[in-house]
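Please look through the sequence and the model below before reading on.

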Amino acid sequence: MSFLRTGLLLLMTAIPPNSPAAPGSVAPPADEGPVLRIGQVQGNGERSPLEGQVVVVEGVVTGNFGSGLGGFFIQDDGDGDASTSDGLLVMPAAENLPPVRAGQRVRVRGHVTEDKADNPRGTMTVLRATRIDARGAGEVAATKLSAPPMDWEALEGMRVQVEATLTLNGTDARFGETLASFDGRLWTPTELAEPGSERIKQVEADNARRRIVLDDASNRRDPDKLWYLPQGEVRGGSTTTGAEGIVDQRHGGWRLQLIEPLRVAAAPRGEAPQVAGNVRVAVFNLENMFNGDGHGGGFPTSRGARTPQQLEAQTAKLVATLRALNPDIAALMELENDGYGPESSIAQFVAALNADGSDWRFIDTGAGPGIDTIRVGLIYRASKVAPVGKFAVLEGGPFGERSRVPLAQAFRRGDDGQPFTVVANHFKSKGCSEAEGLDRDQGDGQGCWNALRVDSARRLDAWLKTDPTGSGGRAVVVGDFNSYAMEDPLRYLRDAGWQDAFVVAGVQEPYSFMHEGRLGRLDHALLSPALAKSLRGAAEWHSNADESRRHGYAQGNEAGPWRSSDHDPMLLGFDL
């Protein structure tokens with residue numbers, strides 16, 4: 001709480017009137033001009049009606065964040081207009097101006113400006129002070145919020161206390177920010193609504209209405225600990241009530257510059273899920289499992305662990321995750337594409353899984369599949385299931401350096417069980433590098449490379465309808481599709497007859513990924529109609545998406561499965 005050292009003594013009563021001389025002003029010394037109410041400076045629009053003019057205001061300092069935010073906030077007792085803010089950010093324009101502290105009444109003369117503050121959606125009204133005079137002590141009450149305001153602009157620069165419960169949707173520790181929301185968690189719009197629909201506009205508007213960033217009142221990068229959180233971090237889904245801060249507009253939207261620590265009700269961690277059925281299939285994006293040269297050297301690699309010690313920690317977390325899930329088959333994404341010899345990433349990962357005496361094996365495709373830096377893989381427990389026939393891969397078109405080559409393998413439980421196929425997939429990500437034409441971001445919420453992902457889905461469906469493994473059409477198609485549930489690739493596959501395992505299982509509000517505080521599924525499990533009849537359960541383990549990166553192997557490395565990846569693993573159960 002270094003910025004609080006000036007003493008944030010914020011009292012809870014209204015500022016007494018300064019003078020009855022004139023509505024909205026007080027009588028100043030003759031050489032200063034009229035003292036305006038802050039509401040007159042703010043106005044009832046996004047920009048000040050007095051922009052560019054020299055004005056004099058008087059108010060109580062509600063927070064002096066100095067170099068942290070470039071100035072201090074003041075607030076007066078209002079102008080009687082609820083549509084105008086009674087608070088204002090003051091930035092000293094001269095180094096020799098006197099210091100101020102919270103709880104001090106000051107009179108400020110300066111130029112009214114509108115500061116973009118890296119905010120593409122609006123500006124912050126700022127008074128660039130050329131003179132500051134102390135006027136004794138003062139008191140200011142926090143405005144109580146029991147719901148998100150209709151317009152944050154009317155509260156810009158004001159001290160508020162949020163009486164409603166806010167849900168905390170993950171922390172950006174790099175910038176000291178926590179994304180919070182009124183009325184529950186935020187969802188990625190294309191997880192809930194079809195791109196281009198009226199429904200998606202409603203979801204986007206609702207997210208914007210409920211969203212607020214809680215900030216540490218500093219521009220410092222990578223703080224050691226977030227002073228306003230009890231443990232210096234927070235798990236997604238935790239809640240807080242009574243958040244108190246000053247309304248600020250910068251870096252893309254509205255935020256509260258906090259002046260008091262949060263009282264947090266932490267979201268509990270869940271145990272590894274259990275699903276019914278006699279065959280269990282796990283799906284897990286390993287977040288770049290790279291092992292250097294396989295002999296302890298070759299670090300740092302292009303992705304993943306930077307040192308042998310980090311690889312050891314990463315492996316331990318991934319092993320802990322799969323052991324807790326206890327699957328019979330696991331489809332893996334983001335494995336290093338480095339062959340299948342003893343020094344390969346997949347071979348050494350399976351060896352780590354077998355350190356407890358297990359009997360894991362991997363499907364060896366000889367090379368690849370594919371030529372991308374990362375690939376998919378299939379592993380299985382030999383005592384539970386057996387591969388049937390030869391693997392199959394789908395190459396060409398989008399599958400290569402964009403979407404990773406799918407890998408399909410039929411398995412059988414027991415000597416006479418009916419074969420079924422597991423297909424591991426990893427479609428092209430949403431990053432925009434090299435995207436052209438229809439693969440550019442179309443502004444519909446699906447990001448870049450959507451056209452290529454749709455083509456990937458179309459080709460995948462056509463290929464699987466040829467029954468490439470000879471399993472009779474009993475298949476589960478799983479992996480990281482880099483598409484949310486209502487985006488074009490997933491709708492294409494569902495329209496083609498593939499059934500969402502989580503819908504079949506009746507799972508409510510599933511999610512496997514959190515991006516910018518919004519939940520959704522990039523990871524999916526789709527069933528052929530023949531196999532859907534055998535599904536007995538589907539579950540996700542929220543051991544990663546809701547966890548702080550500080551628990552991951554590259555930072556705090558908390559023991560156990562927590563933050564072993566940026567994706568949650570999922571588990572399917574079948575009676576076969």
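## A residue pair and its sheet

In this predicted model, Ile-329 stands opposite Tyr-380, a residue of strand S19. The strands concerned are S17, covering residues 329-336, and S19, covering residues 374-381, which run antiparallel and are joined by 6 bridges. Both belong to an open sheet of 6 strands with mixed pairing, whose order is S18-S19-S17-S16-S29-S28. At the edges of this sheet stand strand S18 (360-362) and strand S28 (535-540), and because each has a single partner strand, one side of each is left without a neighbour in the sheet. From one strand to the next, the twist averages 20°.

## Helices on the sheet

Two helices can be described against this sheet. Helix H5, made of residues 308-325, packs on the sheet and touches strand S16 (279-289), S17, S19 and strand S29 (570-574), while its direction makes about 165° with that of S16. Helix H6, made of residues 345-353, also packs on the sheet, where it touches S16, S17, S18 and S19, and its direction makes about 170° with that of S18.

Which residues of H6 are buried? They are Ser-345, Ile-346, Ala-347, Phe-349, Val-350 and Leu-353. The cover over these buried residues of H6 includes helix H5 as well as the strands S16, S17, S18 and S19.

S22 pairs with strand S21 in the antiparallel sense over 6 bridges, and Phe-411 stands opposite Phe-420 in S22. With strand S23, which covers residues 475-480, S22 pairs in the parallel sense, again over 6 bridges; here His-426 stands opposite Asp-480 in S23.

## Two loop residues

Gly-400 lies in the loop that comes between strand S20 (386-393) and strand S21 (404-412). Its relative accessible area is 11%, and because buried means under 20%, Gly-400 is counted as buried. When neighbours within four places in sequence are left aside, Gly-400 is in contact with Ile-371, Asp-372 and Val-405. Gly-400 and Pro-369 are 31 residues apart in sequence, and their C-alpha atoms are 8.7 Å apart in space.

Glu-271 lies in another loop, the one between strand S15 (264-265) and S16. Is Glu-271 buried or exposed? At 72% relative accessibility Glu-271 counts as exposed, since the term applies over 50%. Between Glu-271 and Ala-435 there are 164 residues in sequence terms and 41 Å in space, taken from C-alpha to C-alpha.

## A sheet of three strands

There is also an open sheet formed by 3 strands, in the order S11-S26-S25, with mixed pairing. Strand S11 (186-187) and strand S25 (513-515) stand at its edges, and because each has a single partner strand, one side of each is left without a neighbour in the sheet. S25 pairs with strand S26, residues 518-520, in the antiparallel sense over 3 bridges, and Phe-513 stands opposite Gly-520 in S26.

## The chain as a whole

The chain has 10 helices and 29 strands, and its C-alpha atoms fill a box of roughly 100 × 50 × 40 Å, taken along the principal axes. Of the 576 residues in the chain, 58% are buried. Among the contacts that link residues at least 6 apart in sequence, 71% join residues at least 24 apart.

The accessible surface of the chain comes to about 22900 Å², and 48% of that surface belongs to carbon and sulfur atoms. As for charge, the chain carries 60 positive and 76 negative charges, and the mean positions of the two sets are 2 Å apart.

How values were computed: Residues numbered from 1 in each chain as written. Predicted model: local features only at pLDDT ≥ 70, side-chain atom pairs only at ≥ 80, totals over all residues. Heavy atoms only, no water. Pairing = 2+ DSSP bridges. Helix = DSSP H or I, 4+ residues; strand = E, 2+ residues; numbered from the N terminus. Axes fitted to C-alpha atoms, helices over the stretch in contact; angles between N-to-C directions. Contact = heavy atoms within 4.5 Å. Buried < 20%, exposed > 50% of the residue type's maximum accessible area, 1.4 Å probe, protein only. Areas by Shrake-Rupley, 256 points an atom, 1.4 Å probe, with all protein chains shown as cover. Lys, Arg positive; Asp, Glu negative; His and termini not counted. Charge placed at Lys NZ, Arg CZ, Asp CG, Glu CD.
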